[in-house]
Amino acid sequence: MEIQNAFMVFPWAVALILLPLASALSCFLFPRISRTLGLITSFGTVVSVVGLGWQLLEHGSYRHAVGGWGAPLGIELYADGLSLLMLATTALVGFAISVYSTTYFKPTLAVKFWPIWMCLLAALNALFLSADIFNLYVTLELLGLSAVALTALTGSKEALSGAMRYLLATLLASLAYLLGVALLYHNFGSVDIALLAKLIEASPAVWASLGLMAAGLMLKTALFPLHFWLPPAHGSAPAPVSAVLSALVIKASFYILLRLWFTLFEPLVDSEAINTILGVLGCVAIIWGSIQALRQTRLKLLIAYSTVAQIGYLFLVFPLSASMGSVAWNAVAYLIISHALAKSAMFLSAGNLLFFGGHDRIVDLDRVVQRLPLTATAFALAGVSIMGIPPSGGFIGKWLLLEAAMTQGRWDLVAVMIIGGLLAAAYIFKVIGYTFSPAEVSHEAQSVSASMQWSALLLAVGAILLGFLYVPILSILNISDTTIVSGVGL
Amino acid sequence: MNWNDWVPLLVVISSLLPGLIIFGLAEDKVRARVMLNLFGALAKLALVSLMLWGVYQGYHYETRLPLLPNLDLVLRAGPLALLFVSLSTILWLVTTVYAIGYLENSPHRSRFFGFFSLCVTATVGVALAGNLITFLLFYELLTLATYPLIVHRGTEEARQAGKTYLRYTISGGALLLIGTVWLYSITGTLEFTPKGFLSNIGEQHYPALISIFALLITGLGVKAALVPLHGWLPLAMIAPAPVSALLHAVAVVKAGAFGIIRVVYDVFGVEFSAGLGVLTPLAWVAAFTIIYGSVRALFQDDLKRRLAYSTISQVSYIALGVAIAGPIATIGGVVHLVHQGLMKITLFFCAGNLAETLGIHKISEMNGVGRRMPWTMAAFTIGAFGMIGAPPIAGFISKWYLGLGALNAEQSWVIFVLAGSSLLNAAYFLPILHRAWFMPLPESWPNEHHFGNKETAWALLLPPLVTAAMALAAGLLVTLPFSPLEWAKLISVREFYQP
């Protein structure tokens, strides 16, 4: 009974931030045991998320004033269903990536990887738990910098130039976001989202801050046409890093955008025009990203462009939220988590293929379906979810989005989604087709460790299983504090 | 909790689980693989027999799991579902035996049998689906599970065939998806219901419903190989013979044809569809496909390709029977689902035997083959006469009911289609038989293998003999209670034209 009580009152949310942060420091100080530390920490975050989830299910949404100082003076942590879902996704994907990385990196790189990766994990968790726009800025900046550092990890020419572009983009984006925060703080004297939601009213300054913050976040999320930095960065980073970037990092900035949009800005402005613009950009991203993916000859770039396309789907929530709020909202939450699982699985299997054959040219995949069956399966299953074919999480998300579009008579969006799905099938099956056929010249292959194969496969299986977990996921998503996310029909 | 609630799910799992285990088996574990396959097939057969008996007595079998808001994953064993499930189960068992013999010593067998089991799982799911979304789920799973079988050999030609196959089926799946979501946004339900669930829909939705019907049928027509959506099928012949047999007799084309039956009877309702005026175009397309497929079959020298075009033609009998919109024609269409399966799988088994034993792929190489392989060719002959529609083989029953039904529904033009098709069937099957039985033997066969004093391996010879015997029995013993025809009548009375 006492243990259960302790479990219920333990500040799991704080643990989610402090644990990886402490681990990052320790990894830096004791590089020899960094691998073990990192693995334990990743497991610890999974446990902490379970603990936090338990508390949320019992008591509804969660607020924690760090050090006993609440808003407006102190720092408050806040968690509701959406944050819990993001945290859980982060913990699961993060754990798989940690397992993968234990054998992926050579010792010289591993000592650099683990501290930064732990830092990034801390930043992600803190971001999903933040309740004010300034803290969000801090976590966003920390996230961006660790992500850039990880991208540049190998130090190859390709990686450095990709990381450089990424650095410039992310700094510019943070700056824009910070300016927006400053404007809001200047006008309303608070950075707490809940307080701001009560105080805010339309004015030119609010419009300017809206524009700045949204632009910054869109740049970080790599929405077309601000995606230019993504393919080189995601394509050249080490596989586990690409997986983190595509699965989690870009989702973090989208998460902030979603939160701010529906709590602060949407009630304020007649947003139809802006919604339309975001929707159009989303559509173009879907088509453009998919066509680019289809044109790639290298696997990692193909997957990176696929991410550009998949981000487009997320932005369709804006035009569709107007009258089909809850359905569109559920759809986008579902798409975020299934894409996180599927895309990380894909990048990890691409990493295996690269490790295995020493290259990632698609036409020379050389019978990997027979020689590396677990990895080929992981790629194929993840592909099913990305294409949105049942049974998979991607299908559920797409179905809900289609339903919302159809009910509102938005046939243009329906057409884009269907064409996007067909193009996705084209680029994914292009890869799968070549995994069956022999290459012209067969090369000696390196053996791939079991942990690398299984972590990719289990993530992919997770993406498929999401297709049957609608009810539990929905009940998590429904944990909310109605004052915070009103107006979206949660 | 009721035991009966889980039987349909168990039927699906009985092939899914062995399939998943087989994927993990090492290549040389032949015995374990065979045991798993046969255990799964026999378990499925037992479960299906139980349900057949139960449904005959009026029991209800339904598994329901939540999938989406207001939409469940429903597996329900009604009479129509059981017809298709029984066919798949029996033919899976037979084809498994055949495939074990056929693939002896060839590489990648674990992969092959794994996907083979997935294929059957998907087919059974299609059959048992109790609403359109469950149907869609398994229909897409079928696409995914058959692709690796088509590209199984890993040649460039196979890869291209696989690409074409996907191009057709994924696009078809997308149309089906649009139609399904659209329908759901209008009706708020997708549950298969006897006589359909659309009769209460307001008239302002009728144009939308016509478009939905077109979307659904086009999506299904790809797999059912309705002209002009049939282009993938002759190319898919690249797959190993057991796959062709299964694809043509049970899995892919039948899933499409079965879907058409479901959409017409259990989504729209046949009277409602007739009222919308959507059945006549479907009948025309089906009739055109019947003639077109037969004509194209005439000009193929490759045996498997001739059979492929014959499939295109024959499967459309089912669509035609459905589109004629009368109880008797429906019986003809539905029963042809089984009859065509039995006959066509026999023909493909025989074609596979000729290729494996003597290296024969072309019809022009078949001179005198009846004397070298009398049993195989006897089975082939039964299949071929059945296709032509000669009594007393199963195919005659189908054509008889289709013709009678057409007259009954005052659509006498169908008689000409049937007669024309029978003539064409005779024109492309009889020359094969003439060559095989009456032409002199050549001096040597293209690539002959010897199997002691038998004409070919047991595992290859038994399956076609068994299916040929079943095709014969389905025609001879039509009045027995569990014959396909009697069951089709039961379906018609209980599901389609219930009082």
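The structure described here is a predicted model. Along the principal axes, the C-alpha atoms of chain A occupy a box of roughly 65 × 55 × 45 Å. The secondary structure of chain A comprises 21 helices and two strands. Of its 490 residues, 62% count as buried. Among the contacts in chain A with a separation of 6 or more, 80% join residues 24 or more positions apart.

Chain A is assigned two domains, with domain 1 spanning residues 10-269 and domain 2 spanning residues 270-490. The centres of these two domains of chain A, taken over C-alpha atoms, lie 21 Å apart. Their contact involves 43 residues from domain 1 of chain A and 46 residues from domain 2 of chain A. On the side of domain 1 of chain A that touches domain 2 of chain A, at least two residues each are supplied by α3 (34-59), α4 (81-104), α10 (230-236) and α11 (239-265) of chain A. The largest share of this side is that of α4(A), which contributes 13 residues.

Within chain A, I274(A) belongs to helix α12, which covers residues 272-295. I274(A) has 18 C-beta neighbours inside 10 Å and therefore counts as partly exposed, the threshold for a buried residue being 20 or more. I274(A) and F262(A) are 12 residues apart along the chain, and their C-alpha atoms are separated by 13 Å.

The contact between the chains takes 24 residues from chain A and 23 residues from chain B. On the side of chain A that touches chain B, helices α18 (393-407), α19 (411-436) and α21 (470-477) of chain A each provide at least two residues. Of the elements on this side, α19(A) gives the most, with eight residues. The side of chain A that touches chain B divides into 17 nonpolar, five polar and two charged residues.

In chain B, helix α3 runs over residues 79-102 and contains 24 residues. From its first C-alpha to its last, α3(B) reaches 34 Å, close to the 34 Å expected at 1.5 Å a residue. Because 24 of the 24 residues of α3(B) are buried, this helix is largely enclosed by the rest of the structure.

Terms used. Residues are numbered from 1 along each chain as its sequence is written. Chains are lettered from A and ligands numbered from 1 in the order in which they are written. This is a predicted model: local features need pLDDT of at least 70, side-chain atom pairs count only at pLDDT 80 or more; totals for chains, interfaces and linings use all residues. Domain bounds come from an automatic or database domain assignment. Two residues are in contact if their C-beta atoms, placed from the backbone, lie within 7 Å. Helices (H or I, at least four residues) and strands (E, at least two) are DSSP runs, numbered from the N terminus. A residue is buried if 20 or more other C-beta atoms lie within 10 Å of its own, exposed if 12 or fewer, and partly exposed in between; C-beta atoms are placed from the backbone. Ala, Val, Leu, Ile, Met, Phe, Trp, Tyr, Cys and Pro count as nonpolar, Asp, Glu, Lys and Arg as charged, and the others, Gly among them, as polar. The expected span of a helix is 1.5 Å times one less than its number of residues.
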